[in-house]
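Welcome to my notebook. These entries follow what I looked up, one topic at a time.

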Amino acid sequence: MEATEQEDHIADAGEFVAPPNGGVNELLDMGEDNIILYFLCFFLPHAQYNEEEEERKYYRRKRLGVIKNVVAASLGAMMVYSVYMGLLQMQLILHYDMTYREVKYSNLGLEDIDRKMLMGINVTPIIGLLYTPVLIRFFGTKWIMFLASGIYALFVSTNYWERYYTLVPSAVAIGVAIVPLWASLGNYITRMAQQYYEYANYKEEHVQERKKLPKGACHSYIIIFQSVFYLIFNLSLVFAELPMRLVLNSHLHENKYILANVKVCGKNIRGMIPGFNTTVLTNLPHSMLLIKVESVLMGFAFLAMIIFLVLCGPAYRPTEEIDLRSIGWGNIFQLPFKHLRDYRLRLLCPFFIYSGLEVLFAITGFSLSYGVCILGLKKLWLLIVVYGLSSSVFSSLSLFLLRLPRWLCLVGGAAVHAVLIIALLAFSSKPDQPQYLGPLLVISVLWGLGTALNKTGVSILLGMLYAEEKERLDFIYTIYHWWQAIAIFIVYLWSGLPMRAKLSILLATLLLSCYCYCVMERRMAKKVQHRLPRIPRPRHKVKGYRYLEEDNSDESDSEKSGEEENDENIEEMPSADGEEEEQDAGTEGADSPRVWRRGARGQQHRWEDGHLQGAEEEEKQVVE
């Protein structure tokens with residue numbers, strides 16, 4: 001009665017005031033059906049909400065994210081190697097000069113430090129096959145790229161204080177990081193191609209059910225992404241010459257002084273450049289200038305680390321990474337060796353070795369024994385820049401593989417290099433001959449063409465052969481770059497050989513590579529069955545809320561089908577529908593419309609099952 005009198009009094013005053021607890025009273029007056037309708041108006045989709053359009057926008061954002069990942073990984077790798085090669089070149093030239101060694105580091109023995117530093121960089125990667133898969137599975141592909149770029153930044157930082165205990169350990173660390181970095185990069189680019197295919201074809205049944213991709217489904221994306229990667233990465237050779245061109249070039253002696261004791265150049269050389277003057281600097285660069293250069297390089301090294309950390313997304317979903325490392329560390333250690341049973345990999349090993357030999361020969365053998373010996377040290381930067389630009393621009397030629405057969409890229413690059421090697425075997429000259437600048441630049445351009453076709457061709461071929469085997473990619477690229485590490489070691493050993501012997505080794509390796517590749521393609525055309533080792537089933541530890549259930553929610557359908565084909569005696573663990581839906585929802589992303597529908601249906605089914613079970617138990621109790 002008091003509340004009624006108060007409301008009448010307020011109404012008489014001509015004012016509107018909400019009654020006490022008006023919202024609660026309004027809900028209490030509503031019936032049960034009206035309350036349900038009242039809440040559904042907030043949870044049901046808006047009348048203008050277009051579910052298919054929102055889903056299309058979501059996967060378009062995902063595809064743009066994949067493109068961002070590819071460009072970021074390419075830029076990060078390009079920056080890392082620009083800094084590394086530019087600093088190493090400047091450091092070796094300064095340490096080679098006798099005046100620089102005696103004035104600044106008279107008792108330090110820089111020559112011995114440089115020899116041991118190069119030994120650490122060139123010899124250490126030989127053991128990369130033993131630890132690379134374990135590191136990639138333990139840290140993850142993205143984090144290996146980040147940590148390896150940090151090791152290169154550490155190498156830059158040690159040049160602030162040039163001592164044996166700073167330079168040599170950092171060089172050994174770089175040797176340790178070379179194979180993991182490149183295996184992670186190759187794996188990452190191929191995984192991005194697979195992800196782009198999944199986001200572009202998200203309505204396909206095999207994509208929604210996480211089954212193995214159809215054969216050849218993502219080949220076009222592999223070709224495009226590998227071409228983009230090498231187009232950007234090969235620019236590292238261009239930017240690496242900036243310290244040489246902007247800082248050291250003005251401090252170098254003229255050719256007549258540097259090449260005074262050199263007798264012959266080209267095919268008749270033994271070693272690098274016999275008779276090359278040990279004093280190449282007219283005056284020493286100021287220490288403050290060198291510190292500024294190293295600080296700029298250090299800044300770009302940190303920028304590369306930030307790019308890998310912030311801009312590069314993960315290569316695998318969280319559940320996939322858990323499965324990859326749950327097969328047992330002993331199996332992870334053995335699987336790279338077992339993959340060599342595949343005749344495709346065995347027959348490609350000579351091409352892997354040649355891929356490393358030809359790049360190092362272009363940078364060291366051709367550039368020094370032909371370029372510097374004939375044109376002088378001041379033209380070294382020009383030869384390297386032309387070679388880097390050529391290999392970068394011609395990397396786009398691999399896009400023709402979208403319409404042409406895949407063998408054309410490798411065979412075309414091999415043909416170009418074979419002609420150039422034969423020409424170099426016949427080329428000899430006296431030192432300080434500037435009229436040969438044009439022919440040497442043409443050779444640099446053509447060698448860059450062969451390098452571009454070779455590098456992109458091998459990476460694309462591996463991606464095509466193992467595109468549907470995403471759990472094997474890290475092993476495949478580890479084997480590839482480990483053989484390239486063997487090539488680095490071979491180049492380190494042959495530094496004292498005659499130039500004819502080096503070119504003969506190159507030509508023999510190239511011919512053997514082409515023969516083995518033709519044998520591989522012929523076997524594949526005849527559909528000879530290749531032998532792949534079986535990936536063990538993930539063994540999850542019963543820790544955490546994810547694995548307390550009886551079934552394995554992280555097992556994908558592709559693994560199930562693969563195990564049923566390989567071993568019918570293995571009993572598959574059942575997987576509840578609810579947990580599969582939760583896994584799909586977690587991996588696709590919380591903002592996906594498809595995930596929202598699946599999650600809502602899953603929650604509704606579980607809620608109904610729970611109530612039905614409770615009602616049955618109550619009936620049993622009443623009957624009893």
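Before the first entry, one term: I call a residue buried when its relative accessible area is under 20%, exposed when it is over 50%, and partly exposed in between. I also keep in mind that this is a predicted model.

**Entry 1: helix α23**

I began with α23, which covers residues 499–525 and has 27 residues. From first C-alpha to last, α23 reaches 39 Å, close to the 39 Å expected at 1.5 Å a residue. Next I looked up burial in this helix. The buried residues of α23 are M499, K502, L503, L506, L507, T509, L510, S513, C516, Y517, M520 and E521. What do the buried residues of α23 pack against? I found β1 (265–266), α18 (343–375), α20 (407–425) and α21 (437–465). After α23 comes K527, and its phi is positive, near 60 degrees.

**Entry 2: A414**

I then turned to A414, which lies in helix α20. Is A414 buried or exposed? A414 has a relative accessible area of 5%, so I note it as buried. Leaving aside residues up to four places away in sequence, A414 touches F351, L510 and C514. I looked at C514 again: A414 and C514 are 100 residues apart in sequence, yet their C-alpha atoms are 7.5 Å apart in space.

**Entry 3: aromatic pairs**

How many aromatic pairs does a search of the whole structure find? The search gives 28. One I wrote down is Y81 with Y84, an edge-to-face pair at 5.7 Å centre to centre, with 85 degrees between the planes. Both sit in helix α4 (residues 51–96), and because they are three residues apart there, about one helical turn separates them. Y81 and Y84 are both buried.

I also looked up F427 and Y436. Their ring centres are 5.5 Å apart and their planes stand at 85 degrees, so this pair is edge-to-face. F427 has 19% relative accessibility, so it counts as buried. Y436 has a relative accessible area of 27%, so I list it as partly exposed.

Back at Y81 and Y84, I found them in one aromatic cluster, together with Y152, F155, W182, F229, Y230 and F233.

**Entry 4: charges over rings**

Last, I checked for arginines over aromatic rings. R344 lies over the face of Y466, 4.6 Å from the ring centre. R523 lies over the face of Y343, at 5.4 Å from the ring centre.

Terms used: Residues are numbered from 1 along each chain as its sequence is written. This is a predicted model: local features need pLDDT of at least 70, side-chain atom pairs count only at pLDDT 80 or more; totals for chains, interfaces and linings use all residues. Side-chain values use heavy atoms; hydrogens and water are left out. Helices (H or I, at least four residues) and strands (E, at least two) are DSSP runs, numbered from the N terminus. The expected span of a helix is 1.5 Å times one less than its number of residues. Buried means under 20% relative accessible area, exposed over 50%, partly exposed in between (1.4 Å probe, protein chains only). Contact means heavy atoms within 4.5 Å. Rings of Phe, Tyr and Trp (its six-membered ring) pair if their centres lie within 6.5 Å; planes under 30 degrees apart count as stacked, over 60 as edge-to-face and the rest as tilted. A charge sits over a ring if NZ of Lys or CZ of Arg is within 6 Å of the ring centre and within 35 degrees of the ring normal.
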